[in-house]
Structures are given as C-alpha cells and as structure tokens.
Amino acid sequence: MPVAASAIYFLNLRGDVLINRLYRDDVGGNMVDAFRMHIMQTKELGTCPVRQIGGCSFFYMRISNVYIVIVVSSNANVACAFKFVVEAVALFKSYFGGAFDEDAIRNNFVLIYELLDEIMDFGYPQNLSPEILKLYITQEGVRSPFSSKPSDKPVPNATLQVTGAVGWRREGLVYKKNEVFLDIVESVNLLMSSKGSVLRCDVTGKILMKCFLSGMPDLKLGLNDKIGLEKESQLKSRPPKSGKTIELDDVTFHQCVNLTRFNSEKTVSFVPPDGEFELMKYRITEGVNLPFRVLPTIKELGRTRMEVNVKVKSVFGAKMFALGVVIKIPVPKQTAKTSFQVTSGRAKYQAAIDCLVWKIRKFPGQTEPTLSAEVELISTMAEKKSWTRPPIQMEFQVPMFTASGLRVRFLKVWEKSGYNTVEWVRYITKAGSYEIRC
Amino acid sequence: MAPPAQSQRSPSPSQPSGKSEVSDLKLQLRQLAGSRAPGVDDSKRELFKKVISYMTIGIDVSSLFGEMVMCSATSDIVLKKMCYLYVGNYAKVNPDLALLTINFLQRDCRDEDPMIRGLALRSLCSLRVANLVEYLVGPLGSGLKDSNSYVRMVAVMGVLKLYHISASTCIDADFPSILKHLMLHDSDTQVVANCLSALQEIWSAEASTSEEASREREALISKPFIYYLLNRIKEFCEWAQCLVLELVTKYVPSDSSEIFDIMNLLEDRLQHANGAVVLATIRVFLQLTLSMTDVHQQVYERIKAPLLTLVSSGSPEQSYAVLSHLHLLVMRAPYVFSSDYKHFYCQYNEPSYVKRLKLEMLTAVANESNTYEIVTELCEYAANVDIPIARESIRAVGKIALQQYDVNAIVDRLLQFLEMEKDYVTAEALVLVKDLLRKYPQWSHDCIAVVGNISSKNVQEPKAKAALIWMLGEYSQDMQDAPYVLESLVENWDEEHSAEVRLHLLTAMMKCFFKRPPETQSALGAALAAGIADFHQDVHDRALFYYRILRYNVSVAERVVNPPKQAVSVFADTQSSEIKDRIFDEFNSLSVLYQKPSYMFTDKEHRGPLEFADELGNLSIGEAANNVVPTQMVEENDKDLLLTTSEKEETKGSRNNGSAYSVPYDGSSTSVFASQTQIESAVSNPTLAGHSPQASFAIDDLLGLGIPAAPAVLSPPQLKLNTKAALDPSTFQQKWRQLPVALSQEISVSPQGVAALTAPQALLRHMQSHSIHCIASGGQSPNFKFFFFAQKFEESSNYLVECVINTSSAKAQVKIKADDQNTSQDFSTLFESALSKFGTS
C-alpha cells in the first residue's frame, strides 16, 4: 500500500493544530495529542522522523515553523509519504507565492483544506500536478504583498479534459512573446581535512526551466555530458569533438522527459509544462572544480589566547566573481574578546553561534583575501578539556560558473506553427555543505 | 477571489473562549440563511471560515449544524466546499442531523457541473454514518458511470469508503465488479489507479471469507493484467506508478526472458524525478531477480547510482528513509557500496538520525581496502559536539575492529581514545577494548599498558566500569596495581549502584585471587562478605556460590571461575536471517525503518516477543524451505538458521535468568556473547536459579569438557539411536560451535533420492523414520542444507550433522560432530545408509 494516510496534521511549534484532515477512521481522533505527548514534548523531537506510538506510525517533517505529521496504521511506504509531503508543500508554496510558514497557513487554511481534499482521497495520493489542480481549485492563495506575480489569471474551465498523453500541459496556450528560461543550478558539497586533502566532494545539480511558450512545443536539450556526446558522434559517425566532457553519475528527469528516447538516443527531449518546473537533476563526483580553497591556521596560544588565520582563495576565472560569500570560523564557547584584520569584506564575532563570521559581498576570481584574528578566552576551571573544533563552513554563489563544468550546447524548440523563441540560459553554483576541518 | 489577509487573520485562534463566539456565529448564520441580498455570499464566506477555523483548533461547533446546512443552499462553490468539510467532520457525531444534509448532497450529485457532482459525491461518502448507507448506493452507481473522469475517480474512492462503513452494502450492490470493469476499460489512468487501490483493499479483506474474492485478488497479479498496467505505466501519475510497481513485485514471471522484458520496460523508471517511483522500481528489480544470482548482482550495480542520488538529494527525512534501505541492502551485499563509502561521511549540520544511519553504513561497508580511511573519518566524529553521535562513532570503530582481520591500526586508534580524557569517550573505548581483547587476546599487552593508566575514579558508567573491572580481573598478573585498584573498589561497595558492576567485581576478585593470592586474600574476603550481605539476589547468590566453592576446593574453584579461554571468533548477530529476509520482502515500507517485519508492528493485538518467537519456531522448518533463498546465500545463512530457532528458546525460557550473567559480555547492543567462556556461564547458571533445560545441559557440558581427561566410553558394537531424541536448538548451536568436526565426507545420492528431494521436508520425514531428526533446513533446488541431530539410545550422547545436498551433482557433503568421537564412524555408516534409502522406500 503506497501511503494510505489515515490523517494529516499541520502543527505550529507550540503544538497548536493549524490544519487537521482525517482521511480514515482507523485511527482515533486523539492522534494529535499522542504526537504532542510522545514526540513534541520529549527529547525525542528531531531524533527520528518516524515513530511508532500505540499501533500507529507517525511521520513528521519540520518545514520552517510548521510540523507536518502523517499518521498511518498500516505498513506504509515511507519514502512515498515523505515525498508526498515535500510535493504538497511545494504545491502550497506555489499557491501562496513563496513562503510556507504558520502565517501563510493561517491565512490560507480554507485553500489548504481544498487542496488536501484533491491531492489525497481516503489516504491515497491523487494527482499533485498543479496544471490539473488548477481546474479544481477555485481559490487563489493569499499571496504575500512582496510576491511578484499578480493573481489575475482566469479560472480555467473545469470540464476541460486534461488527461491523455500530455497530462502536464494544457492545450491552447498562447503567448505573445515565446520565451524559455533555463537555469543550471549546482550545489557543491565539500568536506576537506585540516591538511587540505579532499575527503569527499560532489555536486548535485538541477536544471530549472521556465517556459512561456504557445501551443504544444517540442524541446530538445543538448549538454556537454559524456554519454550524450559519445552517442551523438556515434550517430553522426564523426569523431567526438575535443573539449571537456562531463560524466554524470546519475540523472533523474521530470515526468515530461521522454525517457525511452533518452535511453536510446541520449537526448533530453520533452514537451514542457507551462511555467516553472525542474527539468532534471544530476549528480557528479568526479572532476569537480572547487570554486574556493580555504587555508586555515588556528593556533592555541596558552589557555586564554588563540590566533586565527584564514586565507580564502578563489580559483575560478578572474573575470567572474562570487556573491554573498560567508565564511564561518568556529571559536570556543568561552570567547571573551576578538580583534580582526581582513583584507576584504567585513568580519564580526557572533556569540550566538560561536563563530567568527566573515562576509564578502563581491569576491572576484583569482584573489586570496585573508583574515587574521586574535581571540581571547575566559579561563575557566571546568573547561579543562581541549576544545573540539567544528569545521569552518562556507556559503557562496558563483554566477556563470558550474563546478561540474556542465554547459548547455543547444536548446531547440519546435512547434508546428513555427514561431521564434527567445532562450535564456544561466549558470550558478552555490555552496551546499562546504566544510573545511581545522 | 480571496479577501485580504487581515480579514482572514482575525478569526485565527487567539484563544477564543468558545461558547459565546459559537452562539454569536449561530445567530449571524441564521440571519444570513434566508437572505438573498447581494453580497450575502461574501458574508457567509467570512462566517464559514470562522466556523472552520474553530473546528480546526478543536472548538466544538457541532451545534451550528442546522444553520450550516441551511446556509448551504448556494451556488457559490467555495461556500459549498467549506460546508462539505464541516459536514464531513461532524456528521459522524450527529447522525440525525446528517440526515438533513443527504438531501442537498444528493441534489448536488446531479448538478450539471462535474466538479460539484464530484465534490458532493465525495462528501456524501465521507459522512461515515452507518444508517445512511442506503442513500449512497444510488449516487455512487451513477457516479461510476459519469461521463466525467473526475466524478468517476471520486466515485471509485467512494466505493471504498462505503465498503469501510458497510461491507455488505458495498458487496450487495455489486460495486467490486463494476470497479473491475472500470479498471480494465477506463481511459483515465487516475480512475484505473483508484480502482486498483480500492479493489486491492476490498478483495484482501474479503479473501478470508469469499473464495471468489481471493480468486479475484490472485487475478490482479496475473500476467495479462500486470502487462496491461506495465504497458500503460508512463501514463499514470507518479503516485499511481508506485501503486502499479508495488503490484508488479507480487507477480511471478514464468521464465527469465519475461523477467528481462519487465526490467527493460521499467529501466527508465530509475530516472524518474520522484524518489518514491525510483525506490518502487528498485524493489521490483530486486524481487524479480532474487532467484538469478548473477543478474541480482548486476541489479545491485545498476541501482547503486540512483540510490546514492536519493540519499544526497531531498530533505533529511527522505535521506533517512533511503539510508534505511541502503542499510538493508548493504547487509545483504556489503561489497556493493564499499567503494562509495565517502557518500556516507557525515556532514556537520545533518540531523543525528541521518548521521546515525551513516555511521552504520560506514561500519557495514568497511573492508580491507577502505578501513583505514573510514576509521580515520570515524575518529574525527569521536570529537563531535553531539555526544550520542560521538559515542556511536567510537562503537562503530569497535565494530569494524571486530569484523576485520588486520586490526593493527584500529587498536592504536582505540587506545588513543582512552587518552582523550573525555568521560564518554573513555567509557565507550573501554567497552570496546574489552570486546577486542576477547577476540584478539594477542593485543592484551598493548592494551593493558594503556588501560592500567586509567583511574577507575574517572569511569562512572556501569558498562564501562564493568569492562574495566573485567580487564583488571582477567589481566591482573600483568597489571601491577590490579589488586589494589580492585580493593579500593571493594571498599566502596556500598556506593556502587549497579548490580552489574558488583557482579563483575566479585568475579574479578576471584580471578585476581587465583593469580596473586597473597595480595588479594583480604580484599576477596571483604568482597565476599559484602556480596553475601548484598540485597540484590544475583549478587548475593554469586557471592555465596563463590564462597562455597572456595571452601570446597580452591583448584576446582579456579577451574570453574577462571578457566583458560578461547578467543571469541564470531560475535553473533542478533537478528536472524529469517527476519532479515522477511524485511527484505517488505522492501520500501516501514518494516525496513523499524527493522522488523510488518506483522510485528501492525497486528492489532500487539503480540509480545513470546508469541512471536513461538510462531517463528513453528515456521523455521516449513518456511525456510518455502522461502526463496538464493543458493549463494545458503552458506552465509546457516549460522543464522540456527540462531532463529535458538532465539525462540531464549525468549521462552530463561531470558531473565540468563541476562544477569550475559550482561558482562554484552559489550555492544548488537553483539551477543557467543561461545567463549562456556564453562564459566554454565556453572553460574544454576546459581541464578536456572530451571531451564539449557542449564542442565550445560552441566553435562561441564563434565564432558571441563575435565578433558575423562575416560572415553567404549563404543558399543552396534550403534542404536534414540527414536525420541530431543535437543533444543540453542544447545545444538552451542555444541556445533564447540565440537570439532569428527568426520567429513561426500556421499552420493541415488537418482531416486534426487528425484524425491523437491523440497527439504521430504527428506526430513524420511530421516526421522531412521531416528535422525532435523533441527533446521533451508535452500532451494539445486542446493539444500540441513542440520540433523541424533542421540544414542539410552545415553545422552549426541551426533550433530550438517548436510549439504546438491541435486544437480547428486552429491551430499556431510559433516559430523559428536559428543563421543569414538562412535562417530558408526554413526556415519548409519547416516549414509539412511540417506541412501531415501526415495526408494
């Protein structure tokens, strides 16, 4: 049985019920109390997302300041249930326009009830595709005043048949200007030892698209990935072009991608949904270009003083620059006073997270700013044990750079009316969990 | 159009007192009920929202039922939806009032707008009032025939809801067969998927009473139907795909080409963006190839990349679910992920439940080539801020040490832990060093040097303290001040709260006494006196027993308390392969996360371990044979086969009695002490008031083994076997570990025998007629594995046999172990003749 959820609850951090939807009678009505009693009010909270209490299993997830709890009484498919929650939250977000938090839920609870009715029936997940739901959902979400899109689109005709081969796209869409936006967003994860050797490194990337295209267009995307290029050169019986090819460890696609064609021809071809969607995700572990190198030296001078020197080297092209670079350098709890010198950006000591936080708003390539700090510690008798150093953590965004080296070679759009399209391609690399031990 | 945010926020539950608001609402609703003024719908909406928000936070607004129903006469769909929600929530407690709603719901079911038809039908079925079911049948029947797929989709689920309210009404109206027709012919895949969900539930529930239903249920996994679904799988939505894939796992293809066809068809599902689909596909692949060893291995290779992607993408909760599955897989095939160990390195900010599973993965994938890196990484975590994780990582290092052959580097690391001067690190490391010494006594010298430097005052945790005391006792001749450390511990006897530590202290004092009598004598006296005066029964009994045995004869006491020890070769796994296989069969479900088969946590009665063990015991012979065990697994499973049955004994019999003694050796939660100090435990068992058969058997062992010079009984000329021999599985297991192989030979099996051996049971019955009893069996053609035992007539001398029969080569590999080695040849002859008659009689 895939999910067969007996009930779904949304709770705030205090345990107040924001939404409660009972789908089946096989669990009692006091399930919220059980959850509050046995999970929320104990140390268990957050130690395990799946718990069994008296014959029922509770799956819970925290999303911003809301807990979403699914209660099942059977041997349910957990992965499916969590995926369902994630998808449902994404759906709610698309209705509220951005944030998913307690306020948004309170402001939209009728809409959420409406959605919950459609996306799950008697505990079985139904269609979550926003295109189809638009037909059944009459309410517009209450968007936060900051969200960009005005909510003035016409309510589509509910009797429209949407099923069939292309369930994710309605027919008869018309745009004055046909545009496609394609973003390659990579997040690079790194774990580096204090000696500077890479312990673990990988890139998870996704290709996000925004399509404003008329009719039923057919799109074809070419990347510089190894399999695709090899296949192409095979088909055209000419030697593969020189240049960097990327080996993708694993790829998953949006349901619109013709997987049979991908497996036979190794091209990504699809009829896109209207609006925003995630076309594909991929993972790479070999040949990752790390955008930053961090060289820390931390010396403990006696029991009350520490010297911290951190050099950060940007190893991408000199014409590029990174944005929003934040380097968090951990210091002991008993830090009393700090003084810094930085060659770029700003640094300050944040006692709440026991870190020196060094921010550089714009960080050009091929530069190496440094931070040197002196840290004075309060000497305490209790803390005789040596300080366990957490890793240095780093956040950044590097536009027009991909850590994997992946590039779009072409993006073709065919539609029977033969209109012209404008294609926009962007690249960005973000820090995933970028940790350097020191 | 939604009103602005502020106006909605007002009804938010700022602790309303309840009563006055509700009556206020009642009044307002009543005013609006009859009104047809313009804008009345907007005011109604506001009021309805208030009602719903009160309902959500648990204020009883059921008293408004009448007014709500009155106001529901509207064409506004938003109002309708809210009203349906309200009615659905309160109809069950107000069955009389619910009758009021039937009318308008039935009318809406005939509305011209398909959406209203659908909504009304859904609400009608959600009333859940038993005496209203008669009103459901009509609308459901027409809903199922509706021209709009949305209505049909809702109606199908409605049938299932009806079934749960009143099964007989649903069956009498012949809805299941209508659903079946829809499932096979509807053009909308969501309708088909819902039919499938509903029918699976209905027929499974009916199958126990109706033969037809169970036939229908079987038909769901028949070839034509499965192919029908598989060929359309791409049209289904992602959740429905999961449903279909789950059904496919139950399908048994007729031959290997069919298996390949299905796998080829589904291969691209591994690239689906929805992780649930990917996992469901993986399950299909694993199940289909279970009997094809080579392909099964290839499947592991194929699913590796998608699984690793699932681990690293998505929320921590999703990673947790996937990691649990990886852990299950890695237990079956450790080599699969051994080169990908870096994927299981913990990130600093990950939640501890993910870290914990990653640590388990690192432990499981460790092998000769990656141990160094993994242990280095684990040592980093030992300094983690999160203390439970730090502990887990130290334990992980220990587990790796116990499963490796080359532990050189690991021992050094463990000893470094001891020098880190953190209480919990020292505590965990002590327990590990103790376990390590039991497996690798050759390291005692290095370890003792370090352990000797630890002040017992810094060790507070009972387990660690017990471990330290055990080492002090065991290696007292090498540790200069062992007697004095122990003495000071005895002096603080009253402050020691843990009985486990006190028990250990007694034993350690004894051991120390045998090695260094003059230095220990007075402290031993004090310890025994304190022990005898102890309020804890086990401590008291052990002290008394030591005292008496010392008085009886000191050298006997030494032989009992401190015999020469063998190193432990294998720390037994606590979970039997039986259970693991069952969990594997339930891949992609909660079972994997809980690490127990579903019947252990879903059955309503909540069976305790007792019943469960009983059932397992009954199953172990029958089930093991029916279970599809790939041939290459048989080898790994044999120890576990035995364990399954022994577990039964353990839970049934003397778990409590046993635990008091087994605790000192219970170094880590997953490894249970297996075989080392057999004699020690055997003797202490009776003192712990052990009435179990194990205890008496164990004493036999003591007499048989403790005094190796015992004269062998002359073999009788003709070997006669006891027809009613009995041996409990745990004793069998013990003996199997202890005894050397007396005879090992290859016997040919007659062609008739091969023909008769279609399932293990056939041979079991045959051998039983020759007084050779089976204790465990397993396998599948062509490889079968059996464990037999027999007892000599009027004598409790046992013969244990491991017999592996390969039917394709018609050969049987037989290993015989015997209490009485001299008669093993006679027994072998007997066994061979018995086996040769198999299939002929």
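## A guided tour, starting at a buried glutamate

Select B:Glu216 to begin: at 15% relative accessible area, B:Glu216 is buried, because buried means under 20%. Keep in mind as you look around that this is a predicted model.

**Stop 1: another pair in chain B.** Next, select B:Arg502 and B:Asp534. Their side chains meet in a salt bridge, at 2.7 Å from N to O. B:Arg502 belongs to helix α28 (residues 499-515) of chain B, and B:Asp534 to the loop between α29 (517-532) and α30 (537-552) of chain B, so the bridge ties together parts that are 32 residues apart in sequence. Both ends are covered: B:Arg502 is buried at 4% relative accessibility, and B:Asp534 is buried at 9%.

**Stop 2: a network.** Still in chain B, select B:Arg356, B:Arg391, B:Glu392, B:Arg395, B:Glu428 and B:Glu461. Salt bridges with shared partners join these residues into one network. How many salt bridges are there over all chains? A search of the whole structure finds 48.

**Stop 3: neighbours in sequence.** Select B:Lys434 and B:Asp435. Their side chains form a salt bridge too, at 3.5 Å from N to O, and both residues are buried.

**Stop 4: a strand in chain A.** Move to chain A and show strand β10 (residues 218-223). Five of its six residues are buried. On one pairing, β10(A) runs antiparallel to strand β22 (residues 408-414) of chain A, over six bridges. On another, three bridges join β10(A) to strand β12 (residues 268-270) of chain A, again antiparallel. Zoom in on A:Lys220: A:Lys412 in β22(A) stands opposite, and A:Ser269 is the bridge partner in β12(A).

**Stop 5: a charged patch.** Finish by selecting A:Arg346, A:Lys348, A:Lys359 and A:Arg361, which form a positive surface patch. Strands β18 (346-350) and β19 (355-364) of chain A each supply at least two residues of the patch. A:Arg361 lies in β19 and is exposed, at 76% relative accessibility.

Key:
Residues numbered from 1 in each chain as written. Chains lettered and ligands numbered in written order. Predicted model: local features only at pLDDT ≥ 70, side-chain atom pairs only at ≥ 80, totals over all residues. Heavy atoms only, no water. Patch = residues over 30% accessible without salt bridge, like charges linked within 9 Å, V, L, I, M, F, W, Y side chains within 5 Å. Areas by Shrake-Rupley, 256 points an atom, 1.4 Å probe, with all protein chains shown as cover. Salt bridge = Lys/Arg side-chain N within 4 Å of Asp/Glu carboxyl O. Lys, Arg positive; Asp, Glu negative; His and termini not counted. Charge placed at Lys NZ, Arg CZ, Asp CG, Glu CD. Helix = DSSP H or I, 4+ residues; strand = E, 2+ residues; numbered from the N terminus. Buried < 20%, exposed > 50% of the residue type's maximum accessible area, 1.4 Å probe, protein only. Pairing = 2+ DSSP bridges.
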